[in-house]
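Here is a short report on one protein chain.

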Amino acid sequence: MKFKVIIPIILVVFCICLITIFVFFRGNSESPRAIILDNLGLDGQSPSGEDIQFVQETRKLLEDIGVKVDYVGVNDVTLEVYQDLAKYNLVILRVHSGLLIEDEMVCFFTSEPFPENSDEYSEWFNKNYLAKATFERSGESFIGVKPDFISNCLNGEFHNSIIIAMGCNSSINDSMARAFVNDRKALVYIGWNWDVTVNHTDSATLGLLKSFFENNETIKEAIDKVSADCRTGAELTYYPDDETTENLRPKEMIEQLLEKKSSFIPDLIDVFSWVLLITLSASNWFDSCYRRFFRKF
């Protein structure tokens with residue numbers, strides 16, 4: 001009798017394991033996700049907030065095509081937020097950035113003031129993952145995120161993800177781009193090769209998103225249409241600069257993710273039905289074998 005009870009239990013566990021494996025390899029059933037990090041208002045001069053035109057129009061554009069949008073405001077762009085970026089398919093970094101002169105690496109500002117006593121993040125500072133990011137005019141300092149932080153401290157890797165870095169000098173060299181693309185597997189990193197004004201980066205980025213998601217243009221087609229900043233000469237660039245990247249169409253990528261989401265539940269039901277059928281058949285077979293075996297005794 002113990003044998004007869006154990007077999008169905010084993011089959012049920014087997015069924016659950018098969019479904020779990022399917023869910024894991026089939027992928028996440030959530031909608032495509034985007035995040036806007038916005039701390040430009042840290043300087044006391046640049047507009048920030050969910051009510052500004054750039055954020056409102058970007059949110060509407062993305063939500064209209066089925067993308068879920070998270071917004072992180074000026075006081076909340078923390079190291080923990082940076083660590084969680086890999087769960088998003090579109091990352092819009094409306095954050096201050098600059099070039100660290102001592103090691104010629106791109107650095108993103110957090111909204112966390114630079115601590116007098118850095119014990120809280122001492123390990124990351126000692127490993128040179130973080131830096132002191134300072135505004136030239138005000139002299140205010142904040143914790144800065146270096147490329148090695150992206151390479152070593154993010155929670156997971158990107159999957160079908162586009163990174164748009166809207167701040168100054170975000171692509172003055174490839175240091176940050178390599179961290180996102182080479183180390184964390186983002187599809188493409190887009191940024192400015194010099195200082196850029198707020199009005200220009202807002203209008204240029206919104207135009208870029210419209211080219212992607214309204215006109216279904218490729219990365220190269222959309223970026224080629226973006227004009228340089230008339231005040232600074234900054235131009236928008238992308239990494240890696242190869243044929244695969246320049247022919248990528250972000251709209252088609254989002255549509256594929258949406259199609260995958262819509263088919264997830266029906267596929268799961270099909271798998272469950274087949275696994276249940278196999279389980280019942282196997283249970284009947286074991287029961288038949290059990291009866292035949294014990295009849296001999």
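His200 has a relative accessible area of 12%, so it is buried (under 20% relative accessible area; exposed is over 50%, partly exposed in between; 1.4 Å probe, protein chains only). The model is predicted: local features need pLDDT of at least 70, side-chain atom pairs count only at pLDDT 80 or more, and totals for chains, interfaces and linings use all residues. Residues are numbered from 1 along each chain as its sequence is written, and side-chain values use heavy atoms, with hydrogens and water left out.

His200 sits in helix H7. Helices (H or I, at least four residues) and strands (E, at least two) are DSSP runs, numbered from the N terminus. Leaving aside residues up to four places away in sequence, His200 touches Trp192, Ser227, Ala228 and Asp229 (contact: heavy atoms within 4.5 Å).

Helix H7 covers residues 198-213, 16 residues in total. From first C-alpha to last, H7 reaches 22 Å, close to the 22 Å expected at 1.5 Å a residue. That expected span is 1.5 Å times one less than the number of residues. Buried residues in H7 include Asp202, Leu206, Leu209 and Phe213.

Now the aromatic rings. Rings of Phe, Tyr and Trp (its six-membered ring) pair if their centres lie within 6.5 Å; planes under 30 degrees apart are stacked, over 60 edge-to-face, the rest tilted. The count is eleven aromatic pairs. Two of them are set out here.

| Pair | Centre to centre | Angle between planes | Class |
|---|---|---|---|
| Phe114 and Phe125 | 5.5 Å | 85° | edge-to-face |
| Phe212 and Phe213 | 6.1 Å | 75° | edge-to-face |

Phe114 lies in the loop between strand S5 (105-113) and helix H4 (122-126), and Phe125 lies in H4, eleven residues apart. Phe114 is partly exposed, at 27% relative accessibility. Phe125 is buried, at 17%. Phe212 and Phe213 are both buried. Elsewhere, ring pairs link Tyr82, Phe108, Phe158, Phe180 and Tyr189 into a cluster.

Last, the pocket. A pocket is an open set of points on a 1 Å grid over the protein atoms alone, where a 1.4 Å probe fits, with protein on both sides within 12 Å along at least five of seven lines; lining residues have an atom within 4 Å of a point. The largest pocket holds about 1100 Å³ of space. Its lining has 33 residues, and the closest to the centre are His96, Ser97, Phe135, Cys168 and Asp195. Strand S4 gives the largest share of the lining, four residues.

Key:
Grid points are joined across faces, edges and corners, and a volume is the space filled by probe spheres set on the points.
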